Amino acid sequence: MAEFVMKDEVRRAGRENEFEISSAAVSTEQIGNDMYPPAQLKLREKGVPFTRHSAHQITRREFDEADLVVLMDASNRRILSRLIPGSDSSTKTTLLMDFTGTPRDVADPWYTGDFEATYRDVLAGCRAILSRY
């Protein structure tokens with residue numbers, strides 16, 4: 001969801017040429033899968049355009065080439081630090097909600113089923129990133 005929300009916010013701001021936005025997983029459970037259908041429904045409901053997405057695990061090269069790596073929760077940070085040694089001390093990694101001034105994990109719909117709460121968190125974080133950069 002966050003990839004497409006951020007792309008939409010950047011597009012609405014007329015700043016598409018300033019950003020390259022992509023998403024990657026830290027785990028392997030969803031490799032090759034499209035975005036979860038309830039997440040797609042939420043984006044449709046909110047008028048956020050999206051395309052088919054094929055989940056992949058972040059690579060060292062992607063990490064090294066990124067200016068900013070935004071994580072949804074502390075668990076992602078821990079897994080990333082094992083997957084890409086040194087990433088936990090990198091100044092380019094941060095949690096999305098840190099940008100909002102309310103540092104915490106993004107509401108996780110896998111456990112709550114509340115895609116509205118997740119959307120609100122993602123939107124607030126994406127808007128905060130866009131206002132900072």
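Leaving aside its neighbours within four places in sequence, V5 is in contact (heavy atoms within 4.5 Å) with L43, V48, Y119, V122, L123 and C126. Apart from it lies another core, of 8 residues, and I58, V69, L71 and I84 are among them. A nonpolar core here is a set of buried Ala, Val, Leu, Ile, Met, Phe, Trp, Tyr and Cys residues joined through side-chain atoms within 4.5 Å. Buried means under 20% relative accessible area, exposed means over 50%, and partly exposed is in between (1.4 Å probe, protein chains only).

Now for the largest nonpolar core: of its 22 residues, M1, V5, M6, L43 and Y119 touch the most other members. Helix 1 (2-12), helix 2 (37-46) and helix 6 (115-132) are the elements that give two or more residues to this core. Helix 6 gives the most, with 8 residues. Helices are DSSP runs (H or I, at least four residues), numbered from the N terminus.

## About the model

This is a predicted model, in which local features need pLDDT of at least 70 and side-chain atom pairs count only at pLDDT 80 or more, while totals for chains, interfaces and linings use all residues. Residues are numbered from 1 along each chain as its sequence is written, and side-chain values use heavy atoms, with hydrogens and water left out.

Which residues of helix 2 are buried? They are A39, Q40, K42 and L43.

After helix 2 comes G47, whose phi is positive, near 75°.

## A loop residue

I31 lies in the loop between helix 1 and helix 2. With a relative accessible area of 42%, I31 is partly exposed. I31 and A55 are 24 residues apart along the chain, yet their C-alpha atoms are separated by 4.8 Å. Leaving aside its neighbours within four places in sequence, I31 is in contact with A55, H56 and Q57.

## Salt bridges

A salt bridge is a side-chain nitrogen of Lys or Arg within 4 Å of a carboxyl oxygen of Asp or Glu; by this rule the count comes to 13 salt bridges. One of them joins E45 and K42, with the closest N and O atoms 3.0 Å apart. E45 and K42 are separated by about one helical turn, because they are 3 residues apart in helix 2. E45 is exposed at 53% relative accessibility, whereas K42 is buried, with a relative accessible area of 11%. There's a network here too: salt bridges link K42, E45, K46, E116 and R120.

Over in helix 3 (residues 60-65), R61 and E65 are 4 residues apart, about one turn of the helix. R61 and E65 form a salt bridge, the closest N and O atoms being 2.9 Å apart. R61 counts as exposed at 62% relative accessibility, and E65 counts as exposed at 55%. R15 pairs with E18 in a salt bridge, with the closest N and O atoms 2.8 Å apart. R15 is buried, with a relative accessible area of 18%.
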